[in-house]
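Here's a quick tour of a two-chain model, written for someone who likes to know where the contacts are. Have the viewer open as you read.

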Amino acid sequence: MTVRIESSEPFVVELQQFNGPLDLLLTLIRDEQVDIYDIPIARIAEQFLARIKTLGIDEAADYLEMAARLLRIKAQMLLPRNQDDDQWEDPRAELVRRLLEYQQVREVCDVLSRLAEERRSRFARSYLPAQHVEPPPAPLALSLAELLSAVDRVLRVAREPHIHDVVPRALDVDGAIATIREILSLRDRARWFDVVQPSAEPWQVLSALLALLELARRGELRIFQPSPFSSLVITRESAGQAA
Amino acid sequence: MSPLAKLLEAALFASDRPVSVAELAALDPDASRAAVVAALEEIRETYDVNGHGVDLVELGDGWQILTRPEFTDAIERAQLAVRPHRLSGAALETLAIVAYRQPLGRAEIEEIRGVNCGAILKSLQERGLIDVVGRGEGIGRPLLYGTTALFLEQFALRHLEELPRADELAVALRSEPRAI
């Protein structure tokens, strides 16, 4: 499972570690070792788009908004401008301001998590969430004579306890294994009801089931169910194919 | 320990939350506020000097007896107490913004974080770390959030001023963006 995710969806896994587009952007800027006041916007935008390519639709909106913003800045940077134009405002200025502000928040987070960790390492009294406790029953208003007569009534009504004997009935998995092997030695393919008679006792059904699982584990046969609730199909696994 | 210190120790032990100096002073009508503060100091010193497993700590606007950090693992292993869950990164970010910019509305928080924060604000409010402290001007009179006394307790702060000031944070942030 893990292997599949790592190989086919690296970006999704990676993005879960970011707290939003600004976090991703700051990480890119750090990884690329570029000056935050002079962001190479084309390169960063390209990286950003590559990372969000496989985002799930729910989280995409915030990242897409940032992607659009980056592309707009990139376009604005391409507009020709007069070298000595004092009026020119860097289209990246607003983004830089937000990134710096966000970086400040990240630093506060470091402080807060250190404080929280210190506090977490100490217990106060009654930290455990209070369990719901039933109030103790009110004292009984009962005389000894009443209690004794009540006990007497109970004893009269109570009959001899009925003791049920539980007879252990061992499963016969080995027997079932022998049966299944016998069946599969005659043919390549069998169905559930070839192995278990419709009149079988519960212990026989259980034995057969365990035997099938055991044989499947050993690689002697293969079990599959063509559709829900249909009869199991059992096929013999030739030695060469055995896993 | 002095009789007043013993009385305060008993009260602090009995309480499951930090107890303020005013509440402690109410235990003994003859005790002045200064005497209570001195008695608290006496308890703290006794714990320190004699080497106790607990320790008297000031958090929020009160005092509380807490176990010393070196015993936390053993206590938790024995399942006698459970550490609260850590906040997620997103929740911590949101809380940090509220702590520094309060009172402020959801839109401002989302502007700074660049993501939608509705669900996180709700869960922080449910955990009692933030609360609605008013309504802003402007369209729809947005709800304004601020941190609570429980926030101070859970971060072992006496007051918000104990947090580093914004201008004390990293050097890089102090300098204005230079001209490009």
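Predicted model: local features only at pLDDT ≥ 70, side-chain atom pairs only at ≥ 80, totals over all residues.

Chain A has 243 residues, and 18% of them are buried. Its secondary structure comes to 10 helices and 3 strands. Going from the N terminus, the order is α-α-α-α-α-α-α-α-β-α-α-β-β. If you take the contacts in chain A between residues at least 6 apart in sequence, 57% join residues at least 24 apart.

Chain B has 180 residues, with 29% of them buried. Here you'll find 9 helices and 5 strands, laid out along the sequence as α-α-α-β-β-α-α-β-α-α-β-β-α-α. For chain B, residues 24 or more positions apart make up 47% of the contacts with a separation of 6 or more.

## Where the chains meet

At the interface, 40 residues of chain B are in contact with 36 residues of chain A. On the chain B side, β2 (62–67), α4 (72–77), α5 (89–101) and α6 (106–113) each supply at least two residues. Which element of chain B gives the most to the side that touches chain A? That's α5(B), with 8 residues. Sorted by class, the chain B side splits into 28 nonpolar, 7 polar and 5 charged residues.

## Cores

The largest nonpolar core holds 45 residues, and Leu95(B), Ala96(B) and Val98(B) touch the most other members. For background, nonpolar side chains in soluble globular proteins tend to be buried together.

Zoom in on Ala96(B) and, leaving out residues up to four places away in sequence, you'll see contacts to Val105(A), Val108(A), Cys109(A) and Leu112(A). There's also a second, separate core of 15 residues, with Phe123(A), Leu12(B), Trp63(B) and Ile65(B) among them.

## Two helix pairs in chain A

Start with α3 (residues 21–31) and α4 (residues 41–52) of chain A, which pack at an angle of about 125° with axes 10 Å apart. That angle makes α3(A) oblique to α4(A), and their crossing is right-handed. From α3(A), the contact uses Leu24(A), Leu25(A), Leu28(A) and Ile29(A), while α4(A) brings Ile44(A), Gln47(A), Phe48(A) and Arg51(A). By class, that contact has 6 nonpolar, 1 polar and 1 charged residues.

Next up are α8 (residues 173–186) and α10 (residues 202–218) of chain A, packed at about 65° with their axes 8 Å apart. How are these two helices oriented relative to each other? α8(A) and α10(A) are roughly perpendicular, because the angle range of 65 to 115 degrees counts that way. Their crossing is right-handed. On the α8(A) side the contact is made by Val173(A), Gly175(A), Ala176(A), Ile177(A) and Ile180(A); on the α10(A) side, by Ser207(A), Ala208(A), Leu210(A), Ala211(A), Leu212(A), Glu214(A) and Leu215(A). The class tally for this contact is 9 nonpolar, 2 polar and 1 charged residues.

Most residues other than glycine have a negative phi, and most peptide bonds are trans. With that in mind, check Gln33(A): although not a glycine, Gln33(A) has a positive phi of about 55°. Gln33(A) sits in the loop between α3 and α4 of chain A. Is Gln33(A) buried or exposed? Gln33(A) counts as exposed, because there are 6 C-beta neighbours inside 10 Å.

Ala156(B) is another non-glycine with a positive phi, here about 50°. You'll find Ala156(B) in the loop between α8 and α9 (171–174) of chain B. Ala156(B) is buried, with 21 other C-beta atoms within 10 Å. Chain B also has a cis peptide bond between Gln102(B) and Pro103(B), with omega at about -5°. Pro103(B) is placed in the loop between α5 and β3 (104–105) of chain B.

Note on methods. Residues numbered from 1 in each chain as written. Chains lettered and ligands numbered in written order. Contact = placed C-beta atoms within 7 Å. Helix = DSSP H or I, 4+ residues; strand = E, 2+ residues; numbered from the N terminus. Nonpolar A, V, L, I, M, F, W, Y, C, P; charged D, E, K, R; others polar. Buried ≥ 20, exposed ≤ 12 C-beta atoms within 10 Å, placed from the backbone. Axes fitted to C-alpha atoms, helices over the stretch in contact; angles between N-to-C directions. Parallel < 35°, antiparallel > 145°, perpendicular 65-115°, else oblique. Left-handed = near helix turned anticlockwise from the far one by under 90°. Core = buried A, V, L, I, M, F, W, Y, C linked by C-beta atoms within 7 Å.
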